[in-house]
Amino acid sequence: MPFKKIHVDEVMVQAAYMSGDRNSIATALKLKPKLGVLVIYSSSLRTQGLELAGFYKSIVGVNRVGSIQVADPLNPSIEADERYMKAVYRLVSSRDFKNLPPFLKTMIPWPILMRSATFGTGVIADAFASNAARTQSSTRDLWRLSRVPRKNGVGSVDKRAAVRDFLVNRGFSLKRAYVFLFAKEGPRRAEKAHHFTSILTWRLLQEEIARTSSVIPVAAGDNIGLRTLPTLTEFWKDGDWVRLWADVNIDPRSAQLGLWCLLAEEYGCVSIIGMRSGMIEVPALLGIRTLYLEEKFNQQAERMAKWIGNVPGFERQIIERPAGIKQQLYWRDESSKRYQPTVVSRHAARNSSHLTGLKMGFAPDVTRGVSQPLTLTRAPTLREPLREPTELPQAPQATFLANARLPAPIDAANLQLAKLEFDRIVLWAKSTPTPSDATRNVHGSVIPVDEVLDEDAPQGASAPDTSTNS
């Protein structure tokens with residue numbers, strides 16, 4: 001159904017593949033009463049598109065949310081429909097209204113204004129610039145878990161006590177300061193793969209922060225192999241978290257925003273560090289001190305820069321190049337492919353010369369006629385099979401790497417953040433506020449169980465002696 005002027009003045013258009021923008025869009029809808037959203041999706045993304053629309057309707061109702069399936073009129077196929085969906089969104093984002101397909105003008109009739117999905121970022125920036133305290137309060141009202149609708153029947157449930165218990169059982173304490181190291185991972189061919197998190201860099205940050213401060217590093221977000229105690233890595237998949245939401249009408253992954261809201265409101269002394277990602281935006285809006293890393297000359301830098309100076313505690317660290325070999329390969333290749341020749345591609349070329357000869361992908365195995373992953377660092381060790389003493393030596397069989405000239409080893413320093421960048425991030429993390437009633441703050445990890453038991457003991461008391469005499 002077309003949008004009506006009585007309900008909306010402006011409508012954002014969001015393609016179903018842009019799921020990372022959902023929380024910022026939802027927040028913008030909450031903050032601007034006559035703002036709407038239209039979700040467009042292809043046949044292959046029907047489930048995602050309808051789920052997005054349903055999510056927005058649960059927040060602002062049906063009159064401000066629409067959805068429609070799109071298809072290439074000239075070449076009906078799954079692949080063509082996906083390309084058509086992306087092409088339609090590019091027309092909206094570039095404000096090429098002259099060439100818009102008729103269905104968009106029907107769904108969003110004049111004088112309702114059509115906006116891109118990124119319009120919500122500016123809405124949020126303007127709201128915080130106007131009144132930061134009121135806007136933060138409204139954002140917390142949206143994500144707070146104090147009134148979660150029941151799955152069956154009427155009424156709601158206050159889930160905050162259950163979330164508090166969940167955090168305590170994970171090892172969190174109100175008397176500690178934490179910095180969340182938010183990890184992002186995804187499909188290898190994703191366009192923004194250079195924003196995926198380097199496990200080496202995150203581990204170095206973890207170790208340095210733990211060694212030199214009383215702020216406790218906590219792995220959060222996607223599971224890239226970083227181990228911390230406590231941890232919030234993919235916690236929304238864990239059985240103890242999933243069971244909390246069995247009786248209410250909210251999915252476990254969406255409920256994680258309520259956990260961040262509780263951390264902001266009740267813990268307070270927390271920070272979060274992450275690569276440029278939509279998932280760390282809402283914690284920032286809720287009041288969690290946030291630092292995001294963004295490569296120099298990023299072509300979308302202006303969008304998030306609108307929040308700097310308006311959203312309290314929201315800061316940026318510009319880096320010369322992404323950290324990690326996979327990340328740098330994608331960054332180099334995307335920069336040369338999409339921005340040629342510009343300051344972006346020239347900067348990427350200068351800062352990726354150490355990657356010469358390396359490629360991300362697959363190469364044919366001439367012995368089997370199939371594709372095998374490329375070896376990026378060193379040649380495999382080839383050994384002759386054991387043979388009987390009377391057996392004559394045989395010529396080695398050909399392999400796809402047998403005569404390939406492989407690149408020279410890469411200095412690990414070239415795959416990490418520059419030292420000045422790294423040191424600034426560590427200093428920022430160490431500046432996380434410390435709870436006023438913090439006691440026995442330790443360096444590097446969560447405190448032992450016996451010390452947790454001792455915290456609530458009367459002054460001068462001590463934890464039970466668990467030692468034994470030999």
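I start with a term: a residue counts as buried under 20% relative accessible area, as exposed over 50%, and as partly exposed in between, with a 1.4 Å probe and protein chains only. The model I am reading is predicted, so I keep in mind that local features need pLDDT of at least 70, that side-chain atom pairs count only at pLDDT 80 or more, and that totals for chains, interfaces and linings use all residues. Residues are numbered from 1 along each chain as its sequence is written, and side-chain values use heavy atoms, with hydrogens and water left out.

**Cysteines.** I looked up C269, which counts as buried because its relative accessibility is 12%, and then C261, which is buried at 0%. Searching the whole structure for disulfides (pairs of cysteine sulfur atoms within 2.5 Å), I found 0.

**Aromatic pairs.** Rings of Phe, Tyr and Trp (its six-membered ring) pair if their centres lie within 6.5 Å, and planes under 30 degrees apart count as stacked, over 60 as edge-to-face and the rest as tilted. The whole structure holds 12 such pairs. In one of them, F166 and F235 have ring centres 6.0 Å apart and planes at 45 degrees, so I noted the pair as tilted. Both F166 and F235 are buried, and together with W236, W241 and W245 they form one aromatic cluster.

**Charges over rings.** Here NZ of Lys or CZ of Arg must be within 6 Å of the ring centre and within 35 degrees of the ring normal. I found the charged end of K86 over the ring of Y17, 5.4 Å from its centre, and R289 over the face of W428, 3.9 Å from the ring centre.
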